[in-house]
2 protein chains.
Amino acid sequence: MREHKKISVLTYALLGLIHQKPRAGYDLRKIFAETAMGSFSNSPGAIYPALERLEKHGAIASEVMESAGLRRRRVFRITEPGEQEFKQWLSKPVTRDEIIRGTGELMLRFAFMEQALGAQAAITFLRNLRVELDAYVPGLKEYLHQHGPQMPLSGMLALDSGIRNYETLQRWVAYAIQTYQSFLASRQPLSANQINTSGGQS
Amino acid sequence: MREHKKISVLTYALLGLIHQKPRAGYDLRKIFAETAMGSFSNSPGAIYPALERLEKHGAIASEVMESAGLRRRRVFRITEPGEQEFKQWLSKPVTRDEIIRGTGELMLRFAFMEQALGAQAAITFLRNLRVELDAYVPGLKEYLHQHGPQMPLSGMLALDSGIRNYETLQRWVAYAIQTYQSFLASRQPLSANQINTSGGQS
DNA sequence: CATTTCATGTAATCGGTTACATGATTAG
DNA sequence: CTAATCATGTAACCGATTACATGAAATG
């Protein structure tokens with residue numbers, strides 16, 4: 001049983017991207033710099049040490065590529081134990097604490113989930129998220145209703161903004177579940193007896 | 001010109017709460033633990049050292065209160081330079097970078113703004129935020145439109161969730177501006193010549 | 001009297017930011 | 001040839017997390 005120091009969100013983001021396909025540090029930096037994932041640090045001083053730690057941990061392995069006429073690149077691929085660790089992170093239950101701390105990590109997990117665990121796991125994740133949100137949001141609204149009038153206007157509005165975000169997230173969850181269900185339905189149009197009436201293509 | 005090491009968001013949150021009124025470390029912890037501000041750490045190992053730093057920095061001053069029959073409390077109040085620093089933080093321009101990094105700090109600033117700088121400043125802040133959002137969000141939507149179809153469904157949905165949050169924020173900004181304007185209108189019903197037709201109460 | 005809550009801290013560890021350093025390769 | 005870009009690092013600093021420590025006052 002290898003000891004299991006806590007891994008940061010940034011590190012999981014790196015692990016997830018490497019899980020998709022082998023990548024070099026520079027590729028990862030570019031992804032952080034250019035896409036909306038930029039919220040997780042794009043500084044080399046964070047990424048390269050994180051990759052080192054992952055390699056020491058045994059979750060990834062690197063190979064220096066020196067094709068002729070190309071710059072030397074250290075390409076990382078995920079290992080078996082690394083994939084296990086990654087999937088375990090994806091499978092963590094959705095907790096209220098995680099919702100309060102911000103939805104960043106939640107959405108990161110979801111973004112990786114389909115490729116790593118399949119569409120069914122993504123739907124389960126969304127259902128769990130919905131349960132937690134439905135349990136959490138009413139209390140927030142109640143708090144605003146109770147204490148809002150005694151707060152300064154800007155404080156009340158700031159709280160309202162947070163609530164609106166959660167409500168938006170609730171609507172998104174519903175939409176996402178629906179989207180996934182149609183997606184699954186279109187991939188497996190008939191469950192048991194596939195009556196092949198028209199030409200089926202692979 | 002005192003050197004001006006960067007101050008963390010948590011530290012500004014503490015500074016803002018102390019600006020409202022003098023408080024002890026324990027009060028601050030409770031606020032973080034009990035209200036929706038909990039997203040900024042509630043551990044004593046973060047709060048007490050942060051308060052020490054603020055005091056060394058000269059932004060706050062402490063006084064140990066030992067009223068008879070009460071526990072000893074170290075109560076912090078904001079100093080003149082501390083208030084300057086705080087207001088300067090509140091007055092920082094709204095940048096796209098700040099929007100990308102997350103709206104947490106933005107909303108924190110806004111929540112403190114009315115009390116510290118007045119309602120007019122809050123409106124100005126909201127207007128600037130609106131400008132930045134209007135400049136930023138269309139690009140995100142365009143990106144989703146362009147690259148979405150080639151992404152895995154979960155990735156596309158995750159991006160969509162982020163966009164929905166920004167759109168929600170845009171609607172909130174509009175609502176908040178309106179709210180503030182009615183607020184100001186109700187406080188100053190007639191700007192120049194106040195014709196007192198009915199009994200006015202303080 | 002014992003336990004809980006109030007109230008303030010300390011120490012170890014570690015990850016991230018910032019800034020700097022280094023070379024190799026392609027473009028102008 | 002020079003500048004920009006590719007690509008990988010390193011080092012100093014510092015703040016946050018976690019967990020532990022302490023003691024006094026209220027509560028039962």
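This is a predicted model: local features need pLDDT of at least 70, side-chain atom pairs count only at pLDDT 80 or more; totals for chains, interfaces and linings use all residues.
**Entry 1: helices α1 and α4 of chain A**

A crossing is called left-handed if the near helix is turned anticlockwise from the far one by less than a right angle, and right-handed if clockwise. I looked up how helix α1(A), residues 9-20, lies against helix α4(A), residues 80-91, and found an angle of about 120° with the axes 10 Å apart. The two helices, α1(A) and α4(A), are therefore oblique to each other, and their crossing is left-handed. On the side of α1(A), I noted Y12(A), L15(A), G16(A) and H19(A) as the residues that make the contact, while α4(A) contributes G82(A), E83(A), E85(A), F86(A) and W89(A). Sorted by class, the residues of this contact between α1(A) and α4(A) come to four nonpolar, three polar and two charged.

**Entry 2: helices α1 and α3 of chain A**

I then turned to α1(A) and α3(A), whose axes come within 10 Å and cross at roughly 70°. Since angles of 65 to 115 degrees count as roughly perpendicular, α1(A) and α3(A) are therefore roughly perpendicular to each other. I listed L10(A), T11(A), L14(A), L15(A) and I18(A) from α1(A), which meet A46(A), I47(A), A50(A), L51(A), R53(A) and L54(A) from α3(A). The contact of α1(A) with α3(A) has nine nonpolar residues, one polar and one charged. I marked L15(A) in particular, as this residue of α1(A) takes part in the contact with α4(A) and also in the contact with α3(A).

**Entry 3: helices α2 and α3 of chain A**

For helix α2(A), residues 25-34, and helix α3(A), residues 44-57, I found axes that come within 10 Å and cross at roughly 135°. That angle makes α2(A) oblique to α3(A), and I recorded the crossing of these two helices as right-handed. Here G25(A), Y26(A), L28(A), R29(A) and F32(A) of α2(A) meet P44(A), I47(A), Y48(A) and L51(A) of α3(A). By class, I wrote down seven nonpolar, one polar and one charged for the contact of α2(A) with α3(A).

**Entry 4: chain A and chain B**

How is chain A related to chain B, by what rotation and what shift along its axis? I found that a rotation of 180° with 0.0 Å of shift superposes chain A on chain B, with an RMSD of 0.1 Å, which is the relation of a two-fold axis. In chain A, N165(A) has the C-alpha nearest the axis, 3.0 Å from it.

I next looked at the interface, where 32 residues of chain A are in contact with 32 residues of chain B. The copies meet through the same surface, because 100% of the interface residues of chain A are also interface residues in chain B. Between them, chain A and chain B bury about 2,700 Å², and 67% of that area is on carbon and sulfur atoms.

Definitions and conventions. Residues are numbered from 1 along each chain as its sequence is written. Chains are lettered from A and ligands numbered from 1 in the order in which they are written. Side-chain values use heavy atoms; hydrogens and water are left out. Axes are lines fitted to C-alpha atoms, for helices over the stretch in contact, and angles run from 0 to 180 degrees between N-to-C directions. Helices (H or I, at least four residues) and strands (E, at least two) are DSSP runs, numbered from the N terminus. Angles under 35 degrees count as roughly parallel, over 145 as roughly antiparallel, 65 to 115 as roughly perpendicular and the rest as oblique. Contact means heavy atoms within 4.5 Å. Ala, Val, Leu, Ile, Met, Phe, Trp, Tyr, Cys and Pro count as nonpolar, Asp, Glu, Lys and Arg as charged, and the others, Gly among them, as polar. Copies are superposed by least squares on the C-alpha atoms of residues with pLDDT of at least 70 in both. Buried area is the accessible area (1.4 Å probe) that two parts lose on being put together, summed over both.
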